Amino acid sequence: MTVLCIIWGVQQVAIKGVAEEISPVLQVALRSGIAALLVLVVMTCKKESLRQSRPYLMAGCVVGLLFALEFLFVAEGLRYTSASHMAVFLYTAPAFAAVGLQLFHPDERLMPAQWGGIVVAFIGIAVAFLSGSSSTGDTVRMLTGDVMGLLAGLAWGATTVVVRCTALSQTPATHTLFYQLAGACVLLFLYALFSGQLHFRPGVTGSLSLLFQIFIVGFASYLTWFSLMKTYLASQLGVLSFMTPIFGVLAGMLFLDEQPQPGFIWGTLLILSGIVIVSGWPWLITKMDRSAARRRRSKKRNP
């Protein structure tokens with residue numbers, strides 16, 4: 001899980017770092033298309049036909065659209081803001097997902113402490129937005145990119161809600177991932193075409209970055225994540241995933257020489273604290289209940 005968090009944290013840096021060689025939107029379109037073909041190969045090897053997912057076609061198209069919107073906002077936002085800012089605002093997704101599930105999934109009601117976590121997270125967003133000017137002094141430009149990062153988090157959160165509240169929750173993970181990647185490929189290629197963002201002159205760095213995004217990010221990391229979800233508690237993995245923005249900020253500082261403002265750092269800490277409360281509270285309650293049950297059993301054996 002730690003390796004996955006490093007990969008996901010670095011992906012924004014990988015996109016922004018080679019933007020002069022390959023347009024960011026085109027990078028994500030290429031990455032999604034080739035990764036979708038790789039997922040299709042895996043499905044073929046496992047004898048999983050796309051015909052099996054015909055009942056989920058409408059929901060699959062919706063998650064494909066939302067996945068495309070998520071990375072459209074990521075790619076466009078990276079033209080205006082730093083990779084470290086994008087890494088943090090993208091990972092507001094669990095807060096949006098938690099609120100959305102309240103409306104469409106009655107079994108996932110939030111506890112009072114989790115609502116408190118959401119409040120803390122959104123206070124952190126406000127602090128990060130109002131933390132002052134960027135290092136270049138172009139505040140409006142950076143805020144535009146930050147808003148796009150927040151919209152990317154909203155699209156990701158909406159994707160989670162659709163998957164959890166439709167028949168996609170019963171379909172194999174490879175099918176859901178294929179819908180997401182294929183949808184992003186088609187829609188982002190169209191956007192790149194009509195917006196004129198088809199610049200593709202990769203050097204060594206650009207080629208390596210694109211290969212990393214295709215094989216490691218778009219294909220291997222997502223399939224590994226779904227495999228982990230089948231084996232380990234989702235709440236535990238969810239808490240661990242919030243290492244990702246930390247790695248994203250560190251990667252931006254290391255590879256792109258980004259210097260986050262103090263106010264943004266404080267906002268980031270509030271955002272991560274709030275989201276950890278939202279995702280980790282059920283796991284904490286379960287651990288406390290188990291610990292209390294063990295103490296009761298121990299007292300019964302040793303009165």
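Which residues in α1 meet which residues in α2? The model that holds them is predicted, so its local features need pLDDT of at least 70 and its side-chain atom pairs count only at pLDDT 80 or more, while totals for chains, interfaces and linings use all residues. Residues are numbered from 1 along each chain as its sequence is written, and side-chain values use heavy atoms, with hydrogens and water left out.

In α1, the residues Q11, A14 and I15 meet P24, Q27, V28 and R31 of α2, where contact means heavy atoms within 4.5 Å. By class, this contact has four nonpolar, two polar and one charged residues. Here Ala, Val, Leu, Ile, Met, Phe, Trp, Tyr, Cys and Pro count as nonpolar, Asp, Glu, Lys and Arg as charged, and the others, Gly among them, as polar. The helices themselves are DSSP runs (H or I, at least four residues), numbered from the N terminus.

Two packed helices are described by the angle between their axes and the distance between the axes. Axes are lines fitted to C-alpha atoms, for helices over the stretch in contact, and angles run from 0 to 180 degrees between N-to-C directions. The axes of α1 and helix α2 (residues 24–45) come within 9 Å and cross at roughly 125°. The two helices are therefore oblique to each other; angles under 35 degrees count as roughly parallel, over 145 as roughly antiparallel, 65 to 115 as roughly perpendicular and the rest as oblique. The crossing of α1 with α2 is right-handed, a term used if the near helix is turned clockwise from the far one by less than a right angle.

Helix α1 (residues 2–17) also packs with helix α4 (residues 83–90), at an angle of about 140° and with the axes 9 Å apart. This pair is therefore oblique, and its crossing is right-handed. Q12, V13 and K16 of α1 meet A83, M86, A87 and L90 of α4. The residues of this contact divide into five nonpolar, one polar and one charged.

The loop between α3 (57–77) and α4 holds S82. At 10% relative accessibility, S82 counts as buried, the classes being buried under 20% relative accessible area, exposed over 50% and partly exposed in between (1.4 Å probe, protein chains only). The side chain of S82 reaches the backbone nitrogen of H85 at 3.2 Å. Apart from neighbours within four places in sequence, S82 is in contact with K16, M142 and E258.

Helix α7 (residues 139–165) contains T159. With a relative accessible area of 3%, T159 is buried. Its side chain reaches the backbone oxygen of A155 at 2.9 Å. Beyond neighbours within four places in sequence, T159 is in contact with V63, L66, F67 and Q180.

In the loop between α7 and α8 (173–195) lies S169, which is partly exposed at 40% relative accessibility. S169 and Y56 are 113 residues apart in sequence, yet their C-alpha atoms are 9.7 Å apart in space.

Two further loop residues have positive phi values. K47, in the loop between α2 and α3, has a phi of about 60° although it is not a glycine. K47 is exposed, with a relative accessible area of 73%. D257, in the loop between α11 (244–255) and α12 (262–301), has a positive phi near 55° and is likewise a residue other than glycine. The relative accessible area of D257 is 60%, and D257 is exposed.

Technical notes:
Polar contact = N/O pair within 3.5 Å; in protein donor to acceptor, adjacent residues only side chain to side chain.
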